[in-house]
Amino acid sequence: MGSLAERNGYDVGLHLLDRQVLGADDRPVGKVDDVELLLDDGGALVPTALLLGLPALLPRFGPRLGSGLARLHRLVREAAADQDLPLVVDFDLVEEVASDVRLSEPSPRLLHRMAHERADDPRRCRVGDLLGLAVRCAALPRHSKVLDLRMVGSPNGSGEHRVAALLVGPGRPGALLGYDRRSEPGPAAVAAVIHWLHRHARVVELGEGVEIDNEAGEVRIRAGTSLAPLRG
Amino acid sequence: MKRYFAVLLGILTAIGGFVDIGDLVTNAQVGARFGTSLAWVVLMGVIGICVFAEMSGRVAAVSGRATFDLVRERLGPRIGFLNLVGSMLVTLLTFIAEIGGVALALQLVSSVHHVLLVPFVAVAVWLVLWRAKFSSIENVLGLMGLALIGFAVALWQLGPDWGGLAAGLSPAEKPGAEGWATYAFFGVALFGAAMTPYEVFFFSSGGVEERWTAKDLGVMRANVLIGFPLGGVLSVAIAASAATLFLPAGVAVETLGQVGLPVAVGLGKIGLAIVVLGFFAATFGAACETGLSTGYSLAQYFGFPWGKFVRPREAAGFHLILLVVTVIAAGVLLTGVDPIMVTEVSVVFSAVALPLTYFPILVVANDPDYLGEHVNGRLANLLGVVYLLIITIASLAAIPLMVVTSMGQG
C-alpha cells in the first residue's frame, strides 16, 4: 500500500487527530485537537474544519475529567469570554497530511475563533464526541464503542470527503494504534497482541442500518447490517 | 573538524543519562558496595538506549517529528497526558538536582556552601538556555564532559587486580553482606538511569534542532553508537575505581567529593582538577538537557513552537517554560534539600514514563507513513520488543523494591 496521499480512505482518529499542524511557512500552529463534522443535506457526515486549542482538547479527556478540566480552564481564562470555544482551521486549507498536517497558508492570521452560532449548530459535531460512543448491536459484544471513523477521499486531495464507515468494537478509541491497517505491520509480537485484543472489532458502513444518536449518546446498529472484519 | 563535532549531541545526551549528578554518586556507591557485579546492567542499559535512541533519531530525521509528538499522536490525549505528567516530573526533578549538582561541583573548588551558589548557577543555566546556540551548548559541554575519562585513566593508574575486577563481573560475585533485594534495587536504578526518558526527548528534539534529514541517518547512528557506549564506559569506570579504592576498605560513598577521591589517589591534583571540571560540565550539560527537555515535551504535547532554531520571540511559550522551571528549581534547592536525594525520588515517576515513552516510539518506527523505506528492520524490532518487556518489568519492580530496601539502605 502506498503513502497516505495515494490511498483512498483514511481513519480520522489514527491519521488526523493529534498530529502536528504546520503553516505553509513551516511554523507549528498547534495540534489537531479535534475535527468538526457537518451532517449535510444528503445525510453524509463531512469534515469541515480542524479544531485547535484547549477548548477542543479538554473535552476529549472524557466526560468527567474533561469537563472538570474545561471548567478549570474557563476559570483561568475568565478575562476572555470567547476562550471557551476552539480555534478553527477550515478543512480546505489542509494541503497535505503526512506525519504532520501542512496548511496551504502561512500561520499568522490563519486561525479564527469559532463563532457561538456555529458551536450551537445542531448539525455540527466533533469527532471527539463520536469516538467512544456506546454501540448497541446484537451482533457485537456488549461494551462495544466507536473506535474510529473511516473516511473516503484522500486528506490531501480536493475531492469528496465524508465519513464512510465506523470502526466499532470493545476497547478504547486509539487502542488499535494503527494495527488494523495492513500498511503498518509493526513488530509481529505487538501486532499479534493488538489483533487478539481487538478480535471482536468490526467495520460497519454508514447507511440505512446505522443510526447515530448524539442525544442519547449511542450508535444503534440494526440487526442484519453487515459487519466486516477489520482486515481484508 | 565539523564532522567530528557532529557526534557531540549523542555524547551530551549520554552524559545526562549515565553521569549526571545522581548517577555520578550512584555509580560510585554501587562500585563501593557491589564491586563490578552490576556492570552487566549498564551494558544492558547501553544496548537498550541505543536501540530506542536510534529509532527516535530516525523518526526525527526522516519525518521531523520529535518523540513527544509521537507519544501524543499514538497514545492520544489522555494516556499521552499521563506520560507528560510522569516524564515532566522525572525531568523536572532531575533538572532541580543538576542545578544543585553544578553547585556541589563548584563547592568542591570554592568551599562555598552549595546553597549559596544555587541562585548564581540557576541564573547561569537560564542565560545559557535562553541565549546560547544549540550547537554551542552541545559542543562546549559535550567536549568538557569528556574530562570524566579521567576516571578510566585513574583506574589504570590505581593498578587494580584486573583479574579480580573481571571475575567480579558475574552477578554471582555480589558481596555477601548485601541482600539480593538491594542488589535488584540498584540494578533497576542503574537500568532506569541508562534508559531515562528525557534522553530520547532531548536526542530526537536535538536532531530536529540540527535539522537532520534522511541524509543524516549516518551521522545520527554515529551519535548513538559513540555517545551511549561512551556514557556506559564512564559509568563503569567510576564504579570500578570506587570498587578498587573503597570496597576493600568498606567505605560507604555519600558525597560528590568522595566520588572524585579515587582519581585524587590515582592521578593526584591535576587529575582531580580535570575530573572536577568534568563534574561541572556533566552536571551543567545534564541541566541543559533536562531543562530543554521540559520545554520540548510540553511544547510538543500542545503543539506550539519550540526549540532554539527559531527566534526566542517566536517560541515565547517555550522560553517562558524554561524560565519557570529554572525559578522552581532554584526555589526548591534554596530550601536546602539534598540534590542527590531528589534524583533518587524521580525513579518513582520513571516507572510511569518509561513504558509510555518507548512503546509509541517502537510503534511509529514501524509506520511507513512516517518513515517510508526507513522503517524498522527485524533486528530493531526484535530488540525493541525484548527491551519493552524488560522496561515493563523494571518499571513494575521499581517502586516495590524502593519500599522494601528503603531506597537501597537495607
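Chain B and chain A bury about 2,600 Å² between them, and carbon and sulfur atoms give 56% of that area. Buried area here is the accessible area (1.4 Å probe) that two parts lose on being put together, summed over both. In chain B, Arg72(B), Arg78(B) and Asp369(B) lose the most area to chain A, together 24% of what that side buries. The model is predicted: local features need pLDDT of at least 70, side-chain atom pairs count only at pLDDT 80 or more, and totals for chains, interfaces and linings use all residues. Residues are numbered from 1 along each chain as its sequence is written, chains are lettered from A and ligands numbered from 1 in the order in which they are written, and side-chain values use heavy atoms, with hydrogens and water left out.

**The interface**

On the chain B side, 28 residues are in contact with 35 residues of chain A. Contact means heavy atoms within 4.5 Å. Nine residue pairs between the two chains are in polar contact, both residues at pLDDT 80 or more. A polar contact is a pair of N or O atoms within 3.5 Å; within protein, one must be able to donate a hydrogen and the other to accept it, and residues adjacent in sequence count only if both atoms are side-chain atoms.

Which helices of chain B each supply at least two residues of the side that touches chain A? They are H5 (67–110), H13 (256–302), H15 (339–364), H16 (368–371) and H17 (378–404). H5(B) gives the largest share of that side, nine residues. Helices (H or I, at least four residues) and strands (E, at least two) are DSSP runs, numbered from the N terminus. By residue class, the chain B side divides into 13 nonpolar, six polar and nine charged. In this scheme Ala, Val, Leu, Ile, Met, Phe, Trp, Tyr, Cys and Pro count as nonpolar, Asp, Glu, Lys and Arg as charged, and the others, Gly among them, as polar.

**Salt bridges**

The structure holds 24 salt bridges over all chains. Six of these cross the interface of chain B and chain A. A salt bridge is a side-chain nitrogen of Lys or Arg within 4 Å of a carboxyl oxygen of Asp or Glu. Some examples follow.

| Pair | N to O distance |
|---|---|
| Arg72(B) and Asp33(A) | 2.7 Å |
| Arg27(A) and Glu314(B) | 3.9 Å |
| Glu218(A) and Arg136(A) | 2.9 Å |
| Arg220(A) and Glu211(A) | 3.3 Å |

Take the pair of Arg72(B) and Asp33(A), whose side chains meet in a salt bridge. The pair crosses between chains: Arg72(B) is in helix H5 of chain B, and Asp33(A) is in the loop between strand E3 (28–31) and strand E4 (34–39) of chain A. Both Arg72(B) and Asp33(A) are buried. Buried means under 20% relative accessible area, exposed over 50%, partly exposed in between (1.4 Å probe, protein chains only).

Within chain A, Glu218(A) forms a salt bridge with Arg136(A). This pair links distant parts of the chain, 82 residues apart: Glu218(A) is in strand E16 (residues 218–221) and Arg136(A) in strand E11 (residues 134–136). Glu218(A) counts as buried because its relative accessibility is 12%. Arg136(A) has 43%, so it is partly exposed.

Arg220(A) and Glu211(A) also meet in a salt bridge. Arg220(A) counts as partly exposed at 28%, and Glu211(A) does so at 43%. Salt bridges that share partners join Arg136(A), Glu211(A), Asp213(A), Glu218(A) and Arg220(A) into one network.

**A serine in a chain A loop**

Ser144(A) is in the loop between E11 and strand E12 (145–152) of chain A. Ser144(A) counts as buried because its relative accessibility is 1%. Its side chain reaches the backbone oxygen of Pro141(A) at 2.8 Å. Not counting residues up to four places away in sequence, Ser144(A) touches Leu133(A), Ala134(A), Val135(A), Gly169(A) and Pro170(A).

**Inside chain B**

Helix H2 (residues 8–18) of chain B is mostly covered, with eleven of its eleven residues buried. Among them are Leu8(B), Leu9(B) and Leu12(B).

Leaving aside neighbours within four places in sequence, Glu138(B) is in contact with Phe5(B), Leu8(B), Leu9(B), Leu12(B), Leu143(B) and Glu210(B). Glu138(B) and Glu289(B) are 151 residues apart in sequence and 9.4 Å apart in space, C-alpha to C-alpha.

**Cysteines**

The structure holds zero disulfides over all chains. A disulfide is a pair of cysteine sulfur atoms within 2.5 Å. Cys50(B) counts as buried at 12% relative accessibility, and Cys288(B) counts as buried at 0%.
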